[in-house]
Amino acid sequence: MQLSGALRSPILLRNRAHPAELARPRGGFNSATAQPSVQPLVHVTPAPAYLRREPAPSDQSQQRRGVAKERVGEDGGRRRGEAPQRKVNWRRWKQERKAEKKKWKELNLLKKLEKQGRHYTLSVALPGSILNNAQSLELRTYLAGQIARACAIFCVDEIVVFDEHGEDAKSVEGEFEGIGKRGKACVQLARILQYLECPQYLRKSFFPKHGDLQFAGLLNPLDSPHHMRVDEDSEYREGVVLDRPSKPGRGSFVNCGMKKEVQIDKQLKPGLRVTVRLQEPQNPETKVRKGTVVSSHHPRTVSGLYWGYSVRLASCLSAVFSECPFKEGYDLSIGTSERGNSVDQVTLPSFRHILVVFGGLQGLEAGVDADSNLEVTDPSVLFDFYLNTCPSQGSRTIRTEEALLISLSALRPHIDEAVKTPTDKSEKENH
Ligand SMILES: C[S@@+](CC[C@H](N)C(=O)[O-])C[C@H]1O[C@@H](n2cnc3c(N)ncnc32)[C@H](O)[C@@H]1O
């Protein structure tokens, strides 16, 4: 699909090669050291220092004077010959417990990161016309931001913005012509989605000033793993190839948003967005870091990292399917509607590329009616599953941006179950 000139460069820039992150050791929370006993401890095993009772000043003076005075207090103070009670240093115990918890959380996160790569993709399609329900540029922008955040939260790999009024779309090949007056919303939505997906340090290189982006800088950031801060340590980074000469046989220089530039293993065209796998710094004194260019899905497939989404425009509903970027196509498709079957009962089959499609104000019917490539009137026949993801809804209508969050949340456990490998399943059974 060809895009209008204005949009072409940002949309094509998802011509990126991406990769993995830190594999850190597994470990657990040491409950033995973190669980204090509230019972008076007996001399069985030496307790950690912070559990040992420091003799109170009065005790010390009594001991010094050799006084063996019997005391019976409210707290059941010890009698002569009884083992000394150990006083719990709660402040220290709390601090240590907090530190243990933090360590445990980090290890858990690392365990997740250590997980093998993710080999399936999740695509979402929705009509750009939803922006037309917002009254001002600020509100249109905010709506686009909500879509971007929902997609990042649920690790969506591809967002397809389709023109549900694509009346002129007789063919799904050739120039993209779905941008009439109404189609402008599609381009605007796509542009804002791309802008938000791009790491902040690369935005200047890829997004020249544009009216559609006037308020995009105010939007909540996606804060996804590929949006690195300057000093953040990571195996992978997104970067832009710099227009800077390098010696023959050496690779191009790339700005990866770090203090040092990265020299990659290939000579590439300046201005290209790339995913770089960074080598461990051999010598911290060197002026540049070394790295290799990898494909943009590398971080997902090798290390299971979420590495942002790509954005695609479709001139009509049928083009969502026919212009699928995956060679094998989408092997599982879900249409969403309040008239669908309840999501609660569904069992999804295993898949490689799942597509979840949403309608606009008039539902998916509008996209079907306007698309001359489709000879059906009932949208449900286009999909493997047609699902109501919010049975017993309390509002007459659920807006598309709400349906996106609700549906991805409701589908998540079903997707997880469907993509479980036989090993995952047998592990679960054994527990
Ligand atoms: C404003 S609603 C469309 C309502 C429209 N009256 C209809 O009949 O479909 C916009 C989109 O949100 C999604 N949606 C709304 N309610 C839903 C539900 N209960 N389950 C799943 N998707 C829903 C669908 O994709 C729908 O096309």
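Mentor: This is a predicted model. Start with two residues that are both buried, Tyr195 and Phe207. Their ring centres lie 5.5 Å apart and the ring planes stand at 80 degrees; planes over 60 degrees apart count as edge-to-face, so this pair is edge-to-face. The two residues come from distant parts of the chain, twelve residues apart. Tyr195 belongs to helix H6 (residues 184-197), whereas Phe207 is in the loop between helix H7 (203-206) and S3. Tyr195 has a further neighbour: Arg203 lies over the face of its ring, 4.4 Å from the ring centre.

Now widen the view. Over the whole structure, a search finds seven aromatic pairs. One of them joins Trp90 and Trp93: the centres are 5.2 Å apart and the planes meet at 90 degrees, so this pair is edge-to-face. Both tryptophans sit in helix H4 (residues 90-114), and because they are three residues apart there, about one helical turn separates them. Trp93 has a relative accessibility of 13%; the limit for buried is under 20%, so Trp93 counts as buried. Trp90, with a relative accessible area of 40%, is partly exposed. Elsewhere, ring pairs link Phe321, Phe383 and Tyr386 into a cluster.

Tyr236 stands opposite Arg277 in S6, and strand S3 (residues 236-241) pairs with S6 in the antiparallel sense over five bridges.

How values were computed: Residues are numbered from 1 along each chain as its sequence is written. This is a predicted model: local features need pLDDT of at least 70, side-chain atom pairs count only at pLDDT 80 or more; totals for chains, interfaces and linings use all residues. Side-chain values use heavy atoms; hydrogens and water are left out. Two strands pair if DSSP finds at least two bridges between them. Helices (H or I, at least four residues) and strands (E, at least two) are DSSP runs, numbered from the N terminus. Rings of Phe, Tyr and Trp (its six-membered ring) pair if their centres lie within 6.5 Å; planes under 30 degrees apart count as stacked, over 60 as edge-to-face and the rest as tilted. Buried means under 20% relative accessible area, exposed over 50%, partly exposed in between (1.4 Å probe, protein chains only). A charge sits over a ring if NZ of Lys or CZ of Arg is within 6 Å of the ring centre and within 35 degrees of the ring normal.
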